[in-house]
Amino acid sequence: MRRNGGCSAEQPDAHDATGHRHIADTRPTAEFGWWSCRIRWTPFGSVGEHPQVTDEEADHRKPLTRSPKHVRFIELSGEAMAALLDDDLPGASRTAGVSLTEYFVTDRARWLWQFRLDQMSADPGQARWMARQAVVDDQGRVVGHAGFHGPPDEAGMVEIGYAIAPDFRRQGYARATLTELLHRAAAEPTVRTVRASISPDNAASLATISGFGFAEVGEQWDEEDGRELIFEAPARRVPPA
């Protein structure tokens with residue numbers, strides 16, 4: 001899932017792509033709410049954000065850590081994203097209040113920041129759903145970014161997206177990030193369904209969502225990521241700790 005917040009990789013690298021990816025999805029007759037993947041904290045936190053869940057890629061050289069990880073989200077405001085687009089990591093870090101890494105100025109990440117800024121400019125009232133979050137562990141290290149592709153659709157569905165930096169993959173951070181996103185979705189009265197879009201070849205992302213109540217409801221063709229499987233889960237379902 002790329003642009004909205006699915007569970008894949010953001011445009012070049014995460015699970016997120018272009019916001020509400022107008023999917024030609026072939027889901028069953030039952031209309032599910034959302035989850036493309038979508039933060040100062042209201043029920044959610046700050047303002048602005050949107051890709052596909054960039055799950056940890058399969059790196060068989062590293063064993064999968066089983067111990068639970070804890071993450072917290074720090075808002076990436078429009079100002080911070082604009083600084084990242086200018087390759088101003090120090091300025092973006094000052095604005096965000098955390099030390100962002102080179103992972104935030106890759107081509108894929110820069111594509112995402114521009115996409116979010118365009119979304120926020122087009123509809124400022126939806127900014128809190130589109131603002132991106134930096135994912136910080138309990139030692140204060142920034143391990144990736146996450147968020148929703150946009151606000152819930154008319155059926156109450158949102159799509160999630162997240163990306164974990166290579167140095168932190170296969171250590172439990174993707175599942176911890178997914179858990180936090182699901183808690184945020186469940187806290188929103190208007191959200192009924194959470195969606196994740198994943199390439200059938202992305203074994204790591206498929207493994208990440210297992211155990212969270214997601215069911216496969218169809219598939220779609222993403223112009224950048226190709227074929228993706230669509231998974232949805234009820235927003236009120238409490239994910240495992």
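**Exercise 1. Helix H5**

Which residues of H5 are buried?

Before the solution, some ground rules. This is a predicted model, where local features need pLDDT of at least 70 and side-chain atom pairs count only at pLDDT 80 or more, while totals for chains, interfaces and linings use all residues. Residues are numbered from 1 along each chain as its sequence is written, and side-chain values use heavy atoms, with hydrogens and water left out.

Step 1: Find the helix. H5 covers residues 173–186; helices (H or I, at least four residues) and strands (E, at least two) are DSSP runs, numbered from the N terminus.

Step 2: Check its span. With 14 residues, H5 reaches 20 Å from its first C-alpha to its last, close to the 20 Å expected at 1.5 Å a residue. The expected span is 1.5 Å times one less than the number of residues.

Step 3: Apply the burial cut-offs: buried means under 20% relative accessible area, exposed over 50%, and partly exposed in between (1.4 Å probe, protein chains only). The buried residues of H5 are Tyr173, Ala174, Ala176, Thr177, Leu178, Thr179, Leu181, Leu182, Arg184 and Ala185.

Step 4: Because 10 of its 14 residues are buried, H5 is largely enclosed by the rest of the structure.

Step 5: Look for the packing partners. The buried residues of H5 pack against strands S3 (71–76), S4 (132–137), S5 (142–148), S6 (157–164) and S7 (193–198), plus helix H6 (203–209). Contact here means heavy atoms within 4.5 Å.

**Exercise 2. The nonpolar core**

Work out which residues have the most contacts inside the largest nonpolar core.

Step 1: Recall what goes in: a nonpolar core is a set of buried Ala, Val, Leu, Ile, Met, Phe, Trp, Tyr and Cys residues joined through side-chain atoms within 4.5 Å. In soluble globular proteins, nonpolar side chains tend to be buried together.

Step 2: The largest core has 57 residues, and Leu76, Leu100, Phe104, Trp113 and Phe214 have the most contacts inside it. H5 gives the most to this core, with 7 residues.

Step 3: Leaving out residues up to four places away in sequence, Phe214 touches Ile160, Leu182, Val194, Arg195, Ala196, Ile209, Phe231, Glu232 and Ala233.

**Exercise 3. H1 and its helix neighbours**

Describe how H1 packs against H2 and against H3.

Step 1: Know what to look for. Two packed helices are described by the angle between their axes and the distance between the axes. Axes are lines fitted to C-alpha atoms, for helices over the stretch in contact, and angles run from 0 to 180 degrees between N-to-C directions.

Step 2: Take H2 (89–96). The axes of H1 and H2 come within 8 Å and cross at roughly 165°, so the two helices are roughly antiparallel (over 145 degrees). The contact is made by Glu79, Ala80, Ala83 and Leu84 of H1 with Leu89, Gly91, Ala92 and Thr95 of H2.

Step 3: Now H3. H1 (residues 78–85) and H3 (residues 107–122) pack at about 140°, with axes 9 Å apart. H1 and H3 are therefore oblique to each other, the class left over once angles under 35, over 145, and 65 to 115 degrees are taken out. In H1, Gly78, Met81, Ala82, Leu84 and Leu85 meet Arg110, Trp113, Gln114, Arg116, Leu117 and Met120 of H3.

Step 4: Ala80, Met81, Ala83, Leu84 and Leu85 are the buried residues of H1, and what covers them includes S3, H2, H3 and S4.
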